[in-house]
Amino acid sequence: MRIRKLFRFEAAHVVRNCHARRCRENIHGHSYIVEVFISSETLDKGYMVMDFTLLDEVKALIDRFDHSYCLWQGEEEELKRFIYRYNQRVVEMPVSPSAEGFALLLFFLVDNILRHTVLSNGEGEVQLHSVRVHETATGYAEAFREDMKLVDFTHDDILFSGSILHEEATSTKHRDDVHG
Ligand SMILES: [Zn+2]
């Protein structure tokens, strides 16, 4: 059985080397929609694959990309310097920030979160099935496990700027203060 949770973020990028000139030569933005598909052959005690509240860490991950500039590591140094000088929220990506690149990157990151999520309600073998990233209202890219062979990167290759991490830390602290 399969479940799906939807997330959103707004971000800017430029996709170098792509066919469309508008896309490869202009910094522009999209309202991204990310769909995370999770599957399991058995259900937990509540007749669920897994409870969506267990995906809070995925929500926090997607939020790291929100209102950020998504910077491909293959960009020229001059642009990198400019982006860091005039933007606080920057995500440096080892893959180009195309919808395909995002889908692969997010598959990698969400899969890692899921593997470390503690399940204690009788869930079965919960698996990340795919991650679908919509860049526009009419198109999306979807990454499956077997697609990970298309790329080769590690956690250390994905960089979130200090501002992103600081904002996340302070909002987590605020939540803890409110609920603690
Ligand atoms: Zn674009």
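These legends walk you through several close-up views of a predicted model.

**View 1. Welcome to the largest nonpolar core.** This core has 35 residues, and those touching the most other members are Val34, Ala103, Leu106, Phe107, Val131 and Val133. At least two core residues come from each of these elements: strands E1 (2-13), E2 (28-39), E3 (68-72), E4 (90-93) and E5 (127-134), together with helices H2 (56-65) and H4 (99-116). H4 gives the most, with nine residues.

**View 2. A look at Leu106 and its contacts.** Setting aside neighbours within four places in sequence, Leu106 is in contact with Val34, Val131 and Val133.

**View 3. Helix H4 from end to end.** With 18 residues, H4 reaches 26 Å from its first C-alpha to its last, close to the 26 Å expected at 1.5 Å a residue. Its buried residues include Ala99, Glu100, Gly101, Phe102 and Val110. The partners that the buried residues of H4 pack against are E2, H2, E4, E5 and strand E6 (140-144).

**View 4. Where H2 meets H4.** The axes of these two helices come within 10 Å and cross at roughly 150°. Angles over 145 degrees count as roughly antiparallel, so H2 is roughly antiparallel to H4. On the H2 side, Glu57, Val58 and Leu61 make the contact, while H4 brings Leu109, Val110 and Ile113. The crossing of H2 and H4 is right-handed.

Terms used: Residues numbered from 1 in each chain as written. Predicted model: local features only at pLDDT ≥ 70, side-chain atom pairs only at ≥ 80, totals over all residues. Core = buried A, V, L, I, M, F, W, Y, C linked by C-beta atoms within 7 Å. Buried ≥ 20, exposed ≤ 12 C-beta atoms within 10 Å, placed from the backbone. Helix = DSSP H or I, 4+ residues; strand = E, 2+ residues; numbered from the N terminus. Contact = placed C-beta atoms within 7 Å. Expected span 1.5 Å × (residues − 1). Axes fitted to C-alpha atoms, helices over the stretch in contact; angles between N-to-C directions. Parallel < 35°, antiparallel > 145°, perpendicular 65-115°, else oblique. Left-handed = near helix turned anticlockwise from the far one by under 90°.
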